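Try each task before you read its solution.

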Amino acid sequence: MTTKTLAPPSVPSGTGSRPRPSKWIWSWTWVGAFAVIALLLTVVGYLGAGVGSGHVGWADLLFESAWSPANSAYGGLAMIYGTAVVCVLALVIAVPVSWGAAVALTEYLPPRLARPLRLCVELLAAVPSIVYGLIGIMVVRPVIARIADVPGGDSLAAAGIVLAVMITPTVVAVSVDALTAVPDRVRETALSLGLTRQEMIRSAVLPLARSGMRAAVLLGLARALGEAIAVFLVVGRADGRMPTSFGEFVDSLSHPGQTLTTKLAGPEPVLAGTTGPYFAALCGLGLILLALVAAATIWGTRGRTRGATTKSAPRYRGSARMRLQRDRMVRTLRLGALLLPTALLVGMLALLVTRGSSAFNPSFWFTSATGAAGGGVRDQITGTVLLIAATGILALPLGFGAGVFIGVHASARTARVLQTLTIILGGVPTILLGLAGFVILSTTMGWGRSWLAGAIVLVPVVVPVIALTTAARVRSIPAELTESAMSLGLTRAQFIRSVVVPYTWPATITGLLLGLARAAGETAPLLFTATVFFGAPALPDGIVEAPVQALPTHIFTLSQDSGDPQAVTQAWGSAMVLVLITAVLLSAAVALRNRFEGERWTT
Amino acid sequence: MFTKNHRRACLAATALAALTLAGCADGGGSDALQVSGSTTVAPVAADAAQDLKAKGLDITVATQGGSAGGISQLASGQINIAMSSKPLGKEDKAASPGTKFHSTQIGADAVGVIVTKRVADAGVKNLTAEQVRGLFEGKITNWSEVGGPNLKVFVYDKEPGRGTREVLDKYLYGDGKAPAPPKSGNFAVVGGNLETRNKLESTPGAVAPLSTSFVEGRKGLAAVNLDGIEPSPKNIASGKYPMARPLFFITDGEPDGASKKFIDYTLTAKGQALMTKHGYLTLKEIGK
C-alpha cells in the first residue's frame, strides 16, 4: 500500500552520511495538524450553520426529555442520558478485559502464539459494525430478556454490551502496540532484580506504556460515541425515557432507550431537510454529542500530568507476602481476559462462515451482480477497494503529520488541545460527515455522486485513529534515543525524520489499518455522496457524477426490505467478502510491521 | 403527524434536491436512466434493470432519501424515474408545481398488524381499529384485555418516514395527527422489514405493523384481521382491507423513450413475477 513513501527503510549505521536537513518535515507536520483543525471546523461549521437556520431552544434541548417533532417538542435529555449510560457501561466492561488481554498477549504468551492472536484481534476491529449489530440481536438481546425478565431485550444494557464487544478489539490492538514499544531490557532488568512477572509488569512495563494505553481507551470511547448502526439495532430507539429515581434508573437499563447517535443515524436527518427548527434541533444534538466527546477526552487526559510525576518517583511498593500466589492469580486473570476476545472471534467467524458461505465460491468474487440479489459482487469489491485505497492515501500523510506534531513538536498544552480536537473529530457521527459532504462536495462543488467525495468524507474517520496511535508511540520513545540524537547534533527536523518517523511507523500502520477497517464498514456517509445500489460501472471514469457500488451500502440496502431470501444470503456473503478483503490487507501490512518492529529499537 | 411529518419530509427533500440541482446544473451526468427512491421498490427495479441490460438499456438504481427523496429528485430533474411506496400527496404536487407527475402503479404491499402465534392461538384473531389504537398508544398493556393470554404487550413501532408506519397512522388516525409515542418501557422502534420480523419472532407478546408477505410461512407469527376483514388478496383488491399501500414508478409527464421501456417491462408477466419474488402483490392479484 502507501506505506513505503513514508518509511525510510535505511537508518544511518554510523559510517558516512548524515541525514539531510529535511526542512519539509515542518510543513508536513503543520499541514497534518491543520488538517485536523480544518476538518473539525468544517463539521462544526456545518452544524453551526444548521443551528443558525432555525431557532433552537437550548434549555429544552438540554433539560427536557420529550422528543416529538410532530408536536414541535425537541428535548434531548433522554438521549444524552442514553448516550452516557451506554458509553459508561461499554467502558466499564471493555477496558479491564482489553487491558488484561493486551498484557496477556505481550507479556505472557510466547510470540509464536501472540502474533497470530494479535492479527486476529485487529481483524475483529475490521468486522463491519452491522455484523456486530446482528450478533447483538441474536445473542445479547435474549440474555438481557432472560436476566431482567423483560420481553424482547432491546435495551440500553444490550447496547452497552454490544458496544463493549465492538471497542474491545480497538482497545486491545492499540494497547498491545504501546506494550510492545517498551524495550525488552526494561523487563530484563526488572526480572534480574528478582521481581515476579506481575511485579515486573506493574512497576516497569506499565508506567512506560501508560500513555499509549490511555490513548487506546480514548479511541475506544470515541468509537463508542460515534458508532451508530450496531447500537441502532439493539437499543430500542424509544424516545423520552428518563428515570427520576434510583429504582427507575436500574429499571431503565433493561428497557429501550435512545442515544444521540442513534437519533442522528436514524431517518430523521433526512426527513428534517436543511433548514428550520427540526433540522436546527438535530444539529444542536450533534453539537451536544461533540461537546460530550470533548468533555470525556479532557477528563480522560487530565490524569496524565499526575501520571507523569509518579513515573519519575514510583509509588508502588510490593508487599513481600504471597508474591508467588499473587503472581499466579494475576496471570490467570489476564489469560482469562484473553478468552473473551478469542471466543468472540471464533463465534463471529462461525457465524460469518455458515451464513456467508457464498463468499467461498470464486465466481461470487469475479462476476458482477445480476439484478438486485443475483450473481456476484465484483463491482462492489472494486468500488470498496477504490474507496479504501483513496481514503488511505489521503489520510495517511495527514494523520501521520498530525500525530508527529502532537507527539513531538507541540508544547504540552498545544498537544493536549490538539489531541482533544483529534478525538472529537473521531467522535463525529459519520452520518453528519455524510450530510456535510453531501452539501459541500456533491452539491456546492457540483460533484454529484462521486467516488472521490466518498473517499474524502471517510478521511475524518481515519485521520484521528492514525494521529492518536502515532502520538502515543512518539511519547514512548526512550529518553536515551532522543538524547543520543540530540548529542549527535541533529536538528529537530532531522531528529523527526531519522528517529521519530522510523520509530513510530509501525504504530502508524496499526492506526491506519484500524482506521481503514472502520472506514471500510461505513455505510451512512457513502449513501449520500458516493454509491448507488445498482448500475454503476466497475471503475468510475472521472470525478463528477462518477458513482461506484460498495460492499457496505450493498449489505445495507439488501438487509432493509427485500423479502427475497436470496437477498439475505447475498448480504451475508458480501459481509464475509468484506471481512476477507480486510483480512488480506491486514495480514500483508502486519507481516510488514512485524518484520521491522522490534528488530531495531527494542533490543 | 402524518400530514405534518409528511410535508416536512417533502419540503426537506425538495430543498436538498434543489440544492443538488443548483450544484449539478453544469455537472453533466451519464447517459444512464437514473432511478432513485424507496428501498422497498429498489430490489424490484434493480432486477428489472438487469433484465433490460441485455437489451442495451443502461440504468442506475439508488435509494437515497426514500420515497420522498425520490419524488423531489424527480421534480428537480436529477433523475428520470422515482420509486415510491406511497401515493403522491397534495404536498408533493404543491411543492413542485412545475412538474407533471405521472404515477404508474406496479404492484401493492399489504401491511398487517402482526402478533406472535401464542397470542393469536389464545384467541386474538381479530382487532378493531379502537383496539389497535389502544395497543400502539400504550393504553392496552396486557393481551388479556383484548381476549388473549395473560401476557404483557410489547409494541414495536416503525421509525418515522417508513411507508409502513404512514399506512398504519392513516388507518388509525385518518388525516389527524398521531400522538407522541407512549412512555411505557414496553415500546421500541424498529427500521427495516427484516429487522421487524426478527424482533417480532424473538419477543413474546410483541405486536408490530409489517408487510404481510414477510409473515407468510413463518411459524411464530400471524396477521390479525382488522375489523373482521382478513388481509387476503381478494379483500385488498376490493379495497375492503384498510391497510394496503400501492407501489409506484413516478415520471415527469408520460413516460417515453427508455423510461417507457423500463416501466412497460415491469408491467409484463416477467416484470410482475419480480414483485412476487420480492414479496409483494402483483397487479393481477389486486385485480388491476
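**Exercise 1.** State how chain B is divided into domains, then describe where they touch.

*Solution.* Start with the bounds, which come from an automatic or database domain assignment. Domain 1 of chain B covers 6–108 + 245–277, and domain 2 covers 110–238. Next, take the contacts (C-beta atoms, placed from the backbone, within 7 Å). Eight residues of domain 1 of chain B contact seven residues of domain 2 of chain B. On the domain 1 side, two are nonpolar, four polar and two charged. Here Ala, Val, Leu, Ile, Met, Phe, Trp, Tyr, Cys and Pro count as nonpolar, Asp, Glu, Lys and Arg as charged, and the others, Gly among them, as polar.

The model is predicted: local features need pLDDT of at least 70, side-chain atom pairs count only at pLDDT 80 or more, and totals for chains, interfaces and linings use all residues. Residues are numbered from 1 along each chain as its sequence is written, while chains are lettered from A and ligands numbered from 1 in the order in which they are written.

**Exercise 2.** Is A:Leu578 buried or exposed?

*Solution.* First, recall the cut-offs: buried means 20 or more other C-beta atoms within 10 Å of the residue's own, exposed 12 or fewer, partly exposed in between, with C-beta atoms placed from the backbone. Then count: A:Leu578 is buried because it has 30 C-beta neighbours inside 10 Å. Finally, list its contacts beyond four places in sequence: A:Pro128, A:Thr384, A:Ala520, A:Gly521, A:Leu551 and A:Pro552.

Technical notes
Contact = placed C-beta atoms within 7 Å.
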